[in-house]
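Hello,

Here is the structure I promised to hand over. Please open it first; my notes follow below.

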Amino acid sequence: MTSPARSPYALGVTGYPLAHSLSPRLHAAALHDTGIPGEYRLYPVQLLPAGQADLEYLMTCLRDGRLDGLNITIPHKQAVIAYMDALTPLAQQIGAVNTIFRRESHEGRDHALIGDNTDAPGFMADLHKHFSQASIPQSALVLGAGGSARAVVYALLMAGWQVTIAARRPEKAVAIQAGSASLIAPLPGDQRCTVIGLDSLPYMIRSWGNAPTSSVAGSKPLSLIVNTTPVGMFPDIDRSPWPDDLPFPECAFMYDLVYNPMETALVRAARSAGLPAANGLGMLIEQAALGFERWTGVRPSVEAMRRAVVAGDPYVAG
Ligand code: NAP
């Protein structure tokens with residue numbers, strides 16, 4: 001007996017603004033590649049409290065089956081937690097949800113909503129593709145202390161990296177550090193997550209260069225820098241979070257979460273200085289592929305998704 005045809009998947013993303021989101025093209029490619037019927041729509045919802053009724057409506061649609069899955073982006077990654085029945089351990093740890101999927105409710109009524117975070121595994125999956133040394137945890141410097149920094153820092157710590165967070169508001173980085181405490185084996189004298197002010201970056205980098213084992217930087221060599229600030233993103237494409245007169249550390253890999261433009265000022269400067277570097281497009285694709293898998297149970301081709309955003313495949317509407 002053939003199984004009944006499944007009705008098309010109703011998927012989408014909410015956040016604000018969404019006009020330039022690449023997610024519809026990525027997921028259209030995933031649907032096409034897997035042959036799964038469905039659509040992926042934009043659901044712009046303003047910052048709460050203005051957008052509260054709209055956000056609640058989307059949650060109702062997920063519960064009653066009018067929507068099958070939803071991505072969450074800025075500014076709602078924390079706000080949706082209040083509407084979840086459960087969080088995955090990772091989303092709980094990171095304190096942010098970027099993917100909502102459904103489970104049958106035990107009471108047999110509407111579905112239960114599960115909040116997940118695919119940014120952290122998406123980042124690590126892409127890092128491994130670009131940086132062969134990624135599986136040998138050393139020291140990483142993370143610029144910024146916002147929502148994406150949280151996912152990146154936790155992913156690195158869980159993989160055994162030492163992390164220094166450089167933030168213009170160090171108190172935000174301290175909150176990430178405090179939240180990470182349970183991830184880190186309490187090894188005496190091994191401070192695995194350190195915080196500095198962005199203005200101390202030149203001092204720290206110079207100390208690191210002079211003494212790779214300095215206590216300022218931690219005991220392992222600095223081999224990775226991750227930009228999680230939006231500095232350099234369109235339209236401010238000439239800006240970089242790295243101070244002009246500060247040389248890059250030798251032998252570090254530069255990973256910029258910004259992917260618009262494809263080559264940011266930071267990535268360009270790092271490459272000019274001889275550092276290998278990557279933008280955040282791969283992370284965006286990996287987190288989308290993981291979300292699609294949560295919703296449909298099928299892994300899409302990340303290559304097909306990449307082609308849809310870098311070349312504009314003919315089947316993907318602009
Ligand atoms: P966010 O939560 O607003 O955090 C941004 C962080 O950058 C905050 O710590 C902020 O500091 C800092 N910052 C902003 N402007 C700065 C400046 N001029 N100088 C120094 N620090 C500055 O944003 P987010 O969600 O983390 O996103 C950050 C960037 O990552 C965006 O460009 C986003 O598109 C990108 N991103 C990419 C992916 C991907 O898949 N590739 C995923 C998520 C995000 P304050 O707190 O002091 O404002």
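This is a predicted model: local features need pLDDT of at least 70, side-chain atom pairs count only at pLDDT 80 or more; totals for chains, interfaces and linings use all residues.

Six strands make an open sheet with parallel pairing, in the order S9-S8-S7-S10-S11-S12. Strand S9 (193-197) and strand S12 (277-278) are the edges. Each has a single partner strand, so one side of each has no neighbour in the sheet. For S12, look at strand S11 (residues 253-256): the two pair in the parallel sense over 2 bridges. Tyr-255 sits opposite Ala-278 of S12.

**Strand S6**

Now turn to S6, residues 112-116. Is this strand mostly covered or mostly open? Mostly covered: 5 of its 5 residues are buried. In a regular strand, side chains alternate between the two faces of the sheet. Here both faces are covered. Ala-112, Ile-114 and Asp-116 lie on one side, Leu-113 and Gly-115 on the other, and all are buried.

S6 also has pairing partners. Strand S5 (residues 99-103) pairs with S6 in the antiparallel sense, over 5 bridges. There, Arg-103 stands opposite Ala-112. Strand S4 (residues 86-87) runs parallel to S6, joined by 2 bridges. Ala-86 has Ile-114 as its bridge partner.

**A charged patch**

Last, the surface. Arg-168, Arg-169, Lys-172 and Arg-239 gather there in a patch of positive charge. Where is Arg-168 placed? In the loop between strand S8 (162-167) and helix H6 (170-179). Arg-168 has 78% relative accessibility, so this residue counts as exposed. The cut-off for exposed is over 50%.

Best wishes

Technical notes: Residues are numbered from 1 along each chain as its sequence is written. Side-chain values use heavy atoms; hydrogens and water are left out. Patches are made of residues with over 30% relative accessible area and no salt bridge: like charges are joined within 9 Å, nonpolar side chains (Val, Leu, Ile, Met, Phe, Trp, Tyr) within 5 Å. Accessible areas come from the Shrake-Rupley method with a 1.4 Å probe; for residues, only the protein chains shown count as cover. A salt bridge is a side-chain nitrogen of Lys or Arg within 4 Å of a carboxyl oxygen of Asp or Glu. Lys and Arg count as positive and Asp and Glu as negative; His and the chain ends are not counted. The place of a charge is taken as NZ of Lys, CZ of Arg, CG of Asp or CD of Glu. Helices (H or I, at least four residues) and strands (E, at least two) are DSSP runs, numbered from the N terminus. Buried means under 20% relative accessible area, exposed over 50%, partly exposed in between (1.4 Å probe, protein chains only). Two strands pair if DSSP finds at least two bridges between them.
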